[in-house]
Amino acid sequence: MSKRYQNHIGGKWIDAVSGETFENRNPANWNEIIGTFPSSGAEEVNAAVESAREAFDAWRLTPAPERGDILRRVGDIMTARKKEIASNMTREMGKVLDETMGDVQEGIDTAYYAATEGRRMFGHTVPSELHNKFNMSVRRPIGVAGIITPWNFPMAIPTWKIFPALVCGNTVVFKPASDTPLTATTFVEILIEAGIPPKAINLVHGRGSAVGTPLVNHENVDLISFTGSTVVGKSISKSASDTLKRVSLELGGKNAQIVLDDADLELALEGVLWGAFGTTGQRCTATSRLILHAKVYDRFMEMLTSRAASLRLGDGLQSDTDVGPMVNQDQIDTVQRYIGIGKDEGAKLALGGSPYREGACADGWFHEPTIFTEVTPEMRIAKEEIFGPVLSVLTINSFEEAIQVLNNTKYGLSSSIYTNDVNCAFKAMRDIEAGITYINGPTIGAEAHMPFGGVKETGNGHREGGWEVYEFYTETKSVFVDYSGKLQRAQIDNY
Ligand code: UN1
């Protein structure tokens, strides 16, 4: 019998009102059921929001440094349990253990950053235009935060959102992806163990349409932070406008790595392999396009196809696995659909192209690393997010053309350029339309203390990570203290 997990609402672990559950399976072996989880809906969301609302006053009045101290303990517990949490994440969503270890570490780094933010939360003091008057701005929590997260970074992304929300004094209703409910459950258990007031952190499992939609529409939810597809992000943005919620959206990407003719090709090769096929390509920062200078095309493609062909597919818990499974059949279907589109558009399939079911991979959602060449900028496989192990290769003849091709997409999350020409590197930093640019590094490599997010249809202008995310989770109040003892009319009595 697989273990039955619960929601966390109103300070208690409880089933869905209907008693219905859904199964969570190991993508490397779909016969293994990780557990069953409550299929929740609007009723559970209402109870969770009520609980978060009830906990808000006491939590906002808890000194911010004390809130930060609790998050430090969260980081300590995550550190002690890092390997165990990572192993369960690999079982639940498939990526290799090294990567799930990194995912937990990203959460730990975020915890320690948030802990110290409790001692900053800077406001401003500025002079008043009047005599005997004092001006300052202070930061206030906003209220109940609705947090909706994806399955590809099942620990890092919830921590990017929930730690800043909490340290700023907000309370939380957390709706994790239904492919990674176990990691979310462990995370909430740790928050409570560390001392977050149980009613301040609510966890509601279930489908996006059943749980996410009522959360977004709820009039007592003050903000929504969402990471996922652009289609869902746009619909969240529309619905949330009815209640004028603050919304932060981290959406799709079509990230490219440029390799110029003066690049260190060995280095660029390691970068593109890690960027395109790490996490089985299921990252919003995955390298989905390689923009390759014609002068090094033949040499580099030979190096790339031979290395990519030798990547070992398998269970992410096996130490010799390079590439784990995709998360579920839907993702395989999407990738297969795009491979069909690429062929129809006239691109050449240079490697892979099929699901993989050999040997130990027979009962898992594996897919071959896939490379398309002869891709032109107008093809859909050059412009649309695929979210799988598929790399589209485009050829260019100059730096200027490379930038033009890179920018030819509606997304703008991450980007990379390999060159030893300092002038090209600086022009790339200036001209690439993306929230993140790596020079001589792959398109992935976020660090907890740097802002993370994108331009164009990748988001709505907010950033996760670093100092910037704290702006999103607080509201500014301007405070004026008049110690003159008389009415002073601004702009009138002083001019
Ligand atoms: C995402 O793909 O949703 O550096 C987040 C990176 C990762 C985070 C990616 N650590 O790209």
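## The ligand and its surroundings

Let's start at the ligand: one of its oxygen atoms is 2.5 Å from a polar backbone atom of alanine 446 (a polar contact is a pair of N or O atoms within 3.5 Å). Another entry in this picture is cysteine 284, with a backbone N or O atom 2.7 Å from an oxygen atom of the ligand. For asparagine 152, a side-chain N or O atom is 3.5 Å from a ligand oxygen atom. The residues around the ligand include Glu106, Phe153, Trp160, Arg283 and Phe452, each with a heavy atom within 4 Å of the ligand.

## About the model

This is a predicted model, where local features need pLDDT of at least 70 and side-chain atom pairs count only at pLDDT 80 or more, while totals for chains, interfaces and linings use all residues. Residues are numbered from 1 along each chain as its sequence is written, and side-chain values use heavy atoms, leaving out hydrogens and water.

## Two helices side by side

Now find helix H2 (residues 64-80) and helix H5 (residues 156-167), which pack at an angle of about 150° with axes 9 Å apart. Axes are lines fitted to C-alpha atoms, for helices over the stretch in contact, and angles run from 0 to 180 degrees between N-to-C directions. H2 and H5 are therefore roughly antiparallel (angles over 145 degrees).

## A sheet of three strands

An open sheet is built from 3 strands in the order E5-E6-E23, with antiparallel pairing; strands pair if DSSP finds at least two bridges between them. Strands E5 (124-127) and E23 (474-482) are at the edges, each with a single partner strand, so one side of each has no neighbour in the sheet. E5 and strand E6 (residues 133-141) are joined by 4 bridges.

Methods:
Angles under 35 degrees count as roughly parallel, over 145 as roughly antiparallel, 65 to 115 as roughly perpendicular and the rest as oblique. A polar contact is a pair of N or O atoms within 3.5 Å; within protein, one must be able to donate a hydrogen and the other to accept it, and residues adjacent in sequence count only if both atoms are side-chain atoms.
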